[in-house]
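Please look over the sequence and the model shown below, and keep both in view while reading the paragraphs that follow.

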Amino acid sequence: MTTQDTRPSFAPDAVVVLGALVATVGYLSPWFRVSAGYSWSFSGWAYASLSTGGGWTLLTLGWLLVALVAGGWARAYPGAALTALTAAVGALTFALAVVAASFAEFRERGSINWIADLPFGVGLPLMATGFGLLVAGGVRAVVRSTLRAHDPSAEG
């Protein structure tokens, strides 16, 4: 066997890669502000750029990086597809925890729907779209790469 025969081929799953990139942009983009008069927004970037460091909030970016890298081989290798899917769920879990911790900073303002009054940015919708693509693409990649591993002539 030559080294070319044993070297893993780069076979990115476009949906996984796109989902990881969109989720990362959404995580780093502004989510919401305390009020319209505030100049800063809650976001993954705000946590990452704290003078004390982002701490545990940076784990979200680590999971997204793992998903992005594994997505590069997800079409060809079931292990890479499963790694991408696992990292997607890990990133989603940590992102939800960071957003929930951000909402916990607010005191109730006397109405049942006070959160709807916050000035929202583009970050949360982008994150939702990215994580949706990432998880759906990860599931599809696991199925496709597993089928391809068992039947190399399978198309898809």
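Trp73 counts as partly exposed, because its relative accessibility is 30%, where buried means under 20% relative accessible area, exposed means over 50%, and partly exposed covers what is in between (1.4 Å probe, protein chains only). The residue sits in the loop between helix 4 (58–71) and helix 5 (78–103). Together with Phe10, Leu65, Val69 and Tyr77, Trp73 forms a nonpolar patch on the surface, with about 490 Å² of accessible area together. Such patches are made of residues with over 30% relative accessible area and no salt bridge, in which nonpolar side chains (Val, Leu, Ile, Met, Phe, Trp, Tyr) are joined within 5 Å and like charges within 9 Å; a salt bridge is a side-chain nitrogen of Lys or Arg within 4 Å of a carboxyl oxygen of Asp or Glu.

This is a predicted model, in which local features need pLDDT of at least 70 and side-chain atom pairs count only at pLDDT 80 or more, while totals for chains, interfaces and linings use all residues. Residues are numbered from 1 along each chain as its sequence is written, and side-chain values use heavy atoms, with hydrogens and water left out.

The secondary structure of the protein comes to 6 helices and 0 strands, where helices (H or I, at least four residues) and strands (E, at least two) are DSSP runs numbered from the N terminus. Of the 156 residues of the protein, 33% count as buried. The accessible surface comes to about 8800 Å², of which 68% belongs to carbon and sulfur atoms, as given by the Shrake-Rupley method with a 1.4 Å probe, for which only the protein chains shown count as cover for residues. Among contacts (heavy atoms within 4.5 Å) between residues at least 6 apart in sequence, 74% join residues at least 24 apart.

Helix 6 (residues 123–150) has 28 residues, which at 1.5 Å a residue should span 40 Å, and its end C-alpha atoms are 40 Å apart, which agrees; the expected span is 1.5 Å times one less than the number of residues. Its buried residues include Gly130, Leu134, Gly138, Ala141, Val142 and Ser145, and what covers the buried residues of helix 6 includes helix 2 (14–28), helix 4 and helix 5. From the side of helix 5, Ala81 is buried, with a relative accessible area of 0%, and, not counting residues up to four places away in sequence, Ala81 touches Ala74, Gly138, Ala141, Val142 and Ser145. Ala81 and Pro12 are 69 residues apart in sequence and 9.7 Å apart in space, C-alpha to C-alpha.

The aromatic rings come next. Rings of Phe, Tyr and Trp (its six-membered ring) pair if their centres lie within 6.5 Å, and planes under 30 degrees apart count as stacked, over 60 as edge-to-face and the rest as tilted. By this rule the count comes to 6 aromatic pairs. One of them is the tilted pair of Trp31 and Tyr47, with 6.3 Å centre to centre and 40 degrees between the planes. Trp31 lies in the loop between helix 2 and helix 3 (44–48) and Tyr47 in helix 3, so the pair ties together parts that are 16 residues apart in sequence. Both Trp31 and Tyr47 are buried. Phe32 and Phe42 form a tilted pair at 5.2 Å centre to centre, with 35 degrees between the planes, and both are buried. Ring pairs link Phe32, Phe42, Phe103 and Phe120 into a cluster. Ser102, in helix 5, is buried with a relative accessible area of 0%, and, leaving aside its neighbours within four places in sequence, Ser102 is in contact with Trp31, Phe32, Phe42 and Tyr47.
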